[in-house]
Amino acid sequence: MTVIKFCRFIIKQKRNLLELVRDQRPGLFSRPMAEFFDSSVAGHIRHSNDHFLKLASTGFAPGANVDYDNRERDLVAEGDIALAFHNLEVIDDSVKSLGESELTRDLTVKFMIDPSGESCSIPSTYSRELAFCSHHATHHLATVRLILETCGIVVDDGAGLANST
């Protein structure tokens with residue numbers, strides 16, 4: 001089950017980056033950075049966690065639908081690093097509990113395809129969407145890495161790097 005390994009690898013990277021912030025520069029967590037379009041470490045972690053949490057909340061009923069554009073944006077998590085750690089635990093526990101029957105479950109994914117709100121739906125599987133969430137998180141972790149390095153925090157060589165890089 002390599003998709004679970006990939007997902008847990010991403011969760012570990014998130015934890016490691018959050019630990020660096022918590023231990024070295026706690027005020028950096030939610031501080032908007034002008035150099036990064038006023039984004040913050042908290043915003044990137046929260047955004048990518050929201051995708052995992054949306055998928056987890058979808059469940060495994062036949063015909064389940066995932067609409068990432070219509071997800072709860074937990075802005076409280078952007079001001080509370082303890083909540084960010086907690087959400088990672090929730091995600092990790094959810095991922096660890098997945099078996100083959102859940103991973104191969106069919107579902108439908110809805111995407112907004114233009115600013116007017118027009119959308120399309122495509123068939124997928126839970127494992128494919130778990131891979132999407134993990135892959136999507138990688139570029140957010142790359143930005144978190146750049147924010148930390150801009151602030152003088154030394155980051156592990158592999159953090160935020162796509163596996164294909």
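**Entry 1: cysteines**

I began with C133, which is buried, because its relative accessible area is 0%. For my own use I noted the scale: buried means under 20% relative accessible area, exposed means over 50%, and partly exposed is in between, with a 1.4 Å probe and protein chains only. C151 is buried too, with a relative accessible area of 16%.

Before going on, I wrote down that this is a predicted model, where local features need pLDDT of at least 70, side-chain atom pairs count only at pLDDT 80 or more, and totals for chains, interfaces and linings use all residues. Residues are numbered from 1 along each chain as its sequence is written, and side-chain values use heavy atoms, with hydrogens and water left out.

How many disulfides does the count come to? A disulfide is a covalent bond between the sulfur atoms of two cysteines. The rule I used asks for a pair of cysteine sulfur atoms within 2.5 Å, and by this rule the count comes to 0 disulfides. C133 is in no disulfide: the nearest cysteine sulfur belongs to C7 and is 7.7 Å away.

**Entry 2**

Next I turned to the helices. Helices are DSSP runs (H or I, at least four residues), as strands are (E, at least two), and both are numbered from the N terminus. Two packed helices are described by the angle between their axes and the distance between the axes. The axes are lines fitted to C-alpha atoms, for helices over the stretch in contact, and the angles run from 0 to 180 degrees between N-to-C directions.

I looked up helix α1 (residues 2-24) and helix α3 (residues 81-96), which pack at an angle of about 165° with their axes 10 Å apart. α1 and α3 are therefore roughly antiparallel to each other. That word is for angles over 145 degrees, while under 35 is roughly parallel, 65 to 115 roughly perpendicular and the rest oblique.

Which residues of α1 and α3 meet? Contact means heavy atoms within 4.5 Å. On the α1 side I found, among them, I4, C7, R8 and I11, and on the α3 side I listed residues including I81, A84, F85 and L88. The residues of this contact of α1 with α3 divide into 11 nonpolar, no polar and 8 charged. Here Ala, Val, Leu, Ile, Met, Phe, Trp, Tyr, Cys and Pro count as nonpolar, Asp, Glu, Lys and Arg as charged, and the others, Gly among them, as polar.

**Entry 2: α2 and its partners**

I then took α2 with α3, whose axes come within 10 Å and cross at roughly 35°. I45, N49, F52, L53 and A56 of α2 make the contact with A84, N87, L88, V90, I91 and S94 of α3.

The contact of α2 with α5 divides into 14 nonpolar, 8 polar and 1 charged.

D93 lies in helix α3 and is partly exposed, at 42% relative accessible area. D93 and R8 are 85 residues apart in sequence, yet 9.9 Å apart in space, C-alpha to C-alpha.

I found H139 in helix α5, partly exposed at 45%. Its C-alpha is separated by 6.5 Å from that of G160, 21 residues apart along the chain.
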